[in-house]
Amino acid sequence: MLVNLTINDLAVVKSLDLELAQGMSVLTGETGAGKSILLTALGLALGDRADSGYVRPDAKRAEINLTFDLSDAPNAQQWLVDNELDDDGQCLIRRVVNQDGRSKAYINNTPVTLQALQSLSETLVEIHGQHAHLSLLNPDQQRRLLDVYGKNLALLEQTNASYKNWQHTHKELTSLQKASKDQGEREELLRYQIEELQQLDLRDFSYAALSEEHSKLANLGQILSSGQAQVESLYEGDVSVASLLNGCLRELTDLARFAPELSEICALLSEARIQSEEAALQLRRFLEAQQADPVHLDELETQIGVVQSLSRKHHVLPDELPDVLAKLSNELDNLTHSSERIDALSLACEKLLDDYRQLASDLSARRIAAAAELQRHISAMIKELGMPQGEFLVAVTALESDVPKLNGNDKIEFLVSANPGLPPKPLAKVASGGELSRISLAIQVTTSNDKTTPTMIFDEVDSGIGGGIAEIVGQKLRALSLGRQVLCVTHLPQVAAQAHWHLYVQKNQQTDITSSGVRLLADAERVEEVARMLGGVNITANTLAHAEEMLAQALADPVGH
C-alpha cells in the first residue's frame, strides 16, 4: 500500500509530506482548496503524461515521490524482481517534471521509461475517476469489467492469440487464392522475362568486364598503331631508348675507371636498359596477339544494348540484373507450387479456426456464468443505493457472424430496468445522471472485491447522491477497505464520517502565490469538518451534535479498522 506521498512545487502545492495508512482515508476541503491536485500528483507519479503547466510558478521543476509497502502487493514484488529493479523489498517511485515539460521517472532510484512505470503502477494502485460512469457506457469497458470479474483474462489472452494466428494464416491464404486467379497470365509473363534474362548468361555477369572488352575491340586499330610506334621508340628504331641507354652506359663505364663512384650510376643504367628491352618485347608480344574480330565486336555491342534495355525495363543497374533473374525465378517457383501451399494453408486455417472456436466457446460459457453472478450482486447493491425497483442485467449474446473476432464472439451489454414492468434497456438510454453514478459505484465496488490491487482511489464517485444513500455508499467504501487501502475524495459528510482517517485540504493565501496543504484531522477537528460539510457557513450546536452522532455511529459499526 501507499505509505508516503511527498510533493514539491507542483501547481498549488509548494511542499507536502503526507503519511497514509491502511483502511479508508477521505480527503475533504472547501471547493478549490486543491483536492484534485493530490490526485493529479498521484497520476503523474504513476505514469500520466506531464507538461510544463504542472510546475509551480517561479520553480525550476516539480517532483513527486511515492513510497509503497509491498507486504500486501506480491504482484508488484514479482514485477520488480522480473525487471531487475528489486531493492530489498522496497518500492520508491519518483517523477520529476521540468519547466520545459520534459519529465523523468525513477523506480528505486533507477531511471525507467514511462511504459515501465505504468506497468508497475497497475499492480499497486487502481484509480476510479469521477467520470468513471461515462466510460461505463463504452461496450469495450463493459466487456473488460465482466472479464475481470469472471477472472477470464488468461483465457481471453489465449483466445486473442489464437485469433491472431488464424488471421495471419487466413490473410496469406486469401492473398494466394487471389493471386491464383491471374496465375496463368502472371506465369506467362514471368517465363518471358526470365528467358530474356537467361539469354545474357548471367552466371558470372560483370557489366564492367563486358564494357572493358567492348572498348578494347572498338579501339583496336588505335591500340595497334600506337603500340607499334612505341615498340620502335623503345627498341627497334634507329634512335631508340635502348640505343641511347647503350651509348650512355659505354661512355660512363669508361669514365668509371677514373671516377669509381660512377659505377652505381652505371648499374642503374644497365638495369634501365634491361627493363626497357623487356617492356619492348612484352609490348610486341601483346600487339602480335591482338586480332581484329568485327563479328565479336558486333556481338558485344548487341549484348550491351540488350543489357541496357533490360536494365531500363526492370529499373535497376546493369549489375543488378542477376538479382532480378533470381527474384523472378523464385516468384515463378512459388506460383508453380502455390496450389500445394494453398492446400496446406487451407488445412492450417481449418485447424486454427477449430482451436479459436473452442477457446471462444469456453470464454462465452465463463462469461455467461460470470454475468449471472455479477448482475445478481449489482442488482442487490443498486437496490441498497436508492433504486429499490432497479434490476441490472448483463446480456451475453453470440455475434451473428461466424468470422472470428478479437476478444471472442460475444456481444456484451449492460442493461438496466429502473422501474417494474419496463423491459431492460442499455444504460445510456435509461439511467439518469444520478442513477448512472450509483450503478457505476455499485459496479466498481462489486468488481473490486476480488482484485489484488492494494490501494484503491475514488475521486468523487459519490457525486449525484445524498442523504441515506450517501451513508450506504460510505459504508460500502469502508467495507471495501478491509485488508486494503482506500483513498476517497468526497464532498459528502455521510461518506467522510465512515472513514478511518480524515485528511483535510486547506488553501493558504498568505503569500503572493496561492498554496495548498494537507493535514490529518484529530477527532475534535473531524467533528468540525463533518459539521461544516453538513451545515455550510453557519455551524450550529445541533450541526455539531449531528456530526458527532454520525462519527459515533461509524465507529460503532462492525466494519472497523
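This report describes selected helices, helix contacts and single residues of the structure above.

The structure is a predicted model, in which local features need pLDDT of at least 70 and side-chain atom pairs count only at pLDDT 80 or more, while totals for chains, interfaces and linings use all residues. Residues are numbered from 1 along each chain as its sequence is written, and side-chain values use heavy atoms, with hydrogens and water left out.

Helices (H or I, at least four residues) and strands (E, at least two) are DSSP runs, numbered from the N terminus. Helix H1 covers residues 35–45, and because 9 of its 11 residues are buried, this helix is largely enclosed by the rest of the structure; here buried means under 20% relative accessible area, exposed means over 50%, and partly exposed lies in between, with a 1.4 Å probe and protein chains only. The buried residues of H1 are Lys35, Ile37, Leu38, Leu39, Ala41, Leu42, Gly43, Leu44 and Ala45. Just after H1, Gly47 adopts a positive phi of about 120 degrees.

Buried in H13 are Leu321, Val324, Leu325, Leu328, Leu332 and Leu335. Seen down the axis of H13, these buried residues fall within an arc of 100 degrees, so they line one face of the helix, the arc being that of the directions from the helix axis to the C-beta atoms. The face of H13 turned away from this buried side carries the exposed residues Asp323 and Lys327. What covers the buried residues of H13 includes helix H7 (183–198), helix H12 (294–314) and helix H14 (338–384).

Val324, which has its place in helix H13, is buried, with a relative accessible area of 13%. Leaving aside neighbours within four places in sequence, Val324 is in contact (heavy atoms within 4.5 Å) with Leu197, His314 and Val316. Between Val324 and Gly421 there are 97 residues of separation in sequence and 75 Å in space, C-alpha to C-alpha.

Axes are lines fitted to C-alpha atoms, for helices over the stretch in contact, and angles run from 0 to 180 degrees between N-to-C directions. A crossing is left-handed if the near helix is turned anticlockwise from the far one by less than a right angle, and right-handed if clockwise.

Helix H8 (residues 207–218) and H12 cross at roughly 145 degrees, with axes that come within 10 Å, and the crossing is left-handed. On the H8 side the contact is made by Tyr207, Leu210, Ser211, Glu213, His214, Leu217 and Ala218, and on the H12 side by His296, Leu297, Leu300, Glu301, Gln303, Ile304, Val307 and Gln308. By class, this contact of H8 with H12 has 8 nonpolar, 5 polar and 2 charged residues, where Ala, Val, Leu, Ile, Met, Phe, Trp, Tyr, Cys and Pro count as nonpolar, Asp, Glu, Lys and Arg as charged, and the others, Gly among them, as polar.

Helix H19 (residues 523–535) packs with helix H20 (residues 541–556) at an angle of about 115 degrees, their axes being 8 Å apart, and this crossing is right-handed. H19 contributes Arg526, Val527, Glu528, Val530, Ala531, Leu534 and Gly535 to the contact, while H20 contributes Thr543, Leu544, His546, Ala547, Glu548, Met550 and Leu551. The contact of H19 with H20 has 8 nonpolar, 3 polar and 3 charged residues by class.

| Residue | Relative accessible area | Class |
|---|---|---|
| Ser162 | 7% | buried |
| Asn165 | 45% | partly exposed |
| His315 | 72% | exposed |
| Asn407 | 18% | buried |

Ser162 lies in helix H6 (residues 153–181) and, not counting residues up to four places away in sequence, touches Leu352, Asp355, Tyr356 and Leu359. Asn165 is also found in helix H6, and its C-alpha atom is separated by 44 Å from that of Gln199, 34 residues apart along the chain.

His315 lies in the loop between H12 and H13 and has a phi near 60 degrees, a positive value in a residue other than glycine. Asn407, in the loop between strand E9 (391–398) and strand E10 (410–417), has a positive phi of about 70 degrees although it is not a glycine.
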